[in-house]
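Hello,

Here is the structure I promised to pass along. Have a look at it first, and my notes follow below.

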Amino acid sequence: MRIEKVETFPMLYQLPQPYGDANGYKKYRSCYLFRITTKSGVEGWGECIDWLPTLEKGFQSRIVPYLLGKEATDRTQIVNTIKKWHQRVATGVSMALTEIVAKSAGLSVCDLWGGKLREIVPVYASFQSYSNKEDWIQHSLHLIEQSITAGFTQLKVKIGGRTLQEDQTHVLSVQSMLEEKIQLALDANQSYDASTARQWNRLFERWPNMLWLEEPLPMDRVADYKLLRATLTIPIAGGENLQKSTEFLPLLKDGAVDIIQPDIMHATGVDGYRETLQLSRIFGIKSSPHTFDGTLSRLYALFAQACLPPWSKMNDDAIEPVEWDVMENPFTSILSLKPLNGCVPIPTGTGIGVEWDMEKMDKYRWDGTSYY
């Protein structure tokens, strides 16, 4: 299975209406996909994130020359070498080589990993709640209503980017709409100190439909997280930007969070990502993956969650939901994968088991000259 060709597909979409979170507004969405083909014609797709000019230059000058002629089965060695140059590219390469091996064996990715434990995985609708509209709260409520109509039963909204009073007004409006029938998570993007985060608890105590509070503090403040966890009446979640399993250990050993949220695009490869998921089971806590950046990474998160042992013996709450970006982003529909009633059926075909929309790739392909 010698690698013969590597093709890159950088894509860019300028948002007509910016949206954002506590980190600011997003004015564009980008996606960097690549296809590795072996001499025998077996293909595998990978995805990574970074500034498109940086990725494209790095691929053409270093990654592609390195990959050509390598055996796709030497995945571990290849990924370990590439992550010394670019950790996120290494993750994408690990996806592509995993698919090639699975296809060559006539297996799905889940079967290659030992077989899935469930046919469907729950997902939650993830929102970027802020816009530059004066009536941003009403705009947010409209988007939420659309997702509920589409069948989502769990969702997440942003806090931390406005004053505490404005954010609480927004969430109170959301809760009034939900009528406690839809589960709700709040994501602060590490915006608060502990005293500000605790001011939410008077509301949390009133709401039985809360999923979690996500990253209220900077993630390196483990001691503060441990104290906050002992204070709040809802679970605390976090860890989307942590790369290695060892980086989650302080949070787990000190009992600082209830739910870890690894992101496969930030991990050191597919194998490292799955190790982190397994680590949550060793410590007996939940793992609800973060997957904001792209469609292929989201699919691999679903594969991993389908293969993950249950965290609990409770049948109705045995597996945690995966994040599902519902904001305007044409790249999340490049793969034919859609949720139904808040769950996604896991593809069963060989490799990743779903087809790519090549026309959409061509439509949004970055021309290499627009420096956004």
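In helix H1, Leu52, Pro53, Leu55, Phe59, Ile63, Val64, Tyr66 and Leu67 are buried (buried means under 20% relative accessible area, exposed over 50% and partly exposed in between, with a 1.4 Å probe and protein chains only). Helices here are DSSP runs of H or I with at least four residues, strands are runs of E with at least two, and both are numbered from the N terminus. Please keep in mind that this is a predicted model, where local features need pLDDT of at least 70, side-chain atom pairs count only at pLDDT 80 or more, and totals for chains, interfaces and linings use all residues. Residues are numbered from 1 along each chain as its sequence is written, and side-chain values use heavy atoms, with hydrogens and water left out.

The cover over the buried residues of H1 includes strands S1 (3-21), S2 (24-38) and S3 (43-48), along with helices H2 (75-82) and H3 (87-104). H1 also has a kink of about 50°, centred on Phe59 (the bend at a residue is the angle between axes fitted to the seven residues ending there and the seven starting there). Just after H1, Gly69 takes a positive phi of about 90°.

Now to the charged pairs. The structure holds 17 salt bridges (a side-chain nitrogen of Lys or Arg within 4 Å of a carboxyl oxygen of Asp or Glu). In one of them, Arg29 pairs with Asp325, and their closest N and O atoms are 3.1 Å apart. This pair links distant parts of the chain, with Arg29 in strand S2 and Asp325 in strand S12 (residues 322-325), 296 residues apart. Arg29 is buried at 4% relative accessibility, and Asp325 is buried at 3%.

Another salt bridge joins Arg75 and Asp271, with the closest N and O atoms 2.9 Å apart. Arg75 lies in helix H2 and Asp271 in helix H11 (residues 270-282), so the pair ties together parts that are 196 residues apart in sequence. Arg75 counts as buried at 19% relative accessibility, whereas Asp271 is partly exposed at 33%.

There is also a network of salt bridges that links Asp21, Lys26, Lys156, Lys158, Asp187, Glu214 and Glu323.

Ser147 is buried, with a relative accessible area of 7%. Leaving aside residues up to four places away in sequence, Ser147 touches Ala125, Phe127, Phe152 and Val326 (contact means heavy atoms within 4.5 Å).

Best wishes
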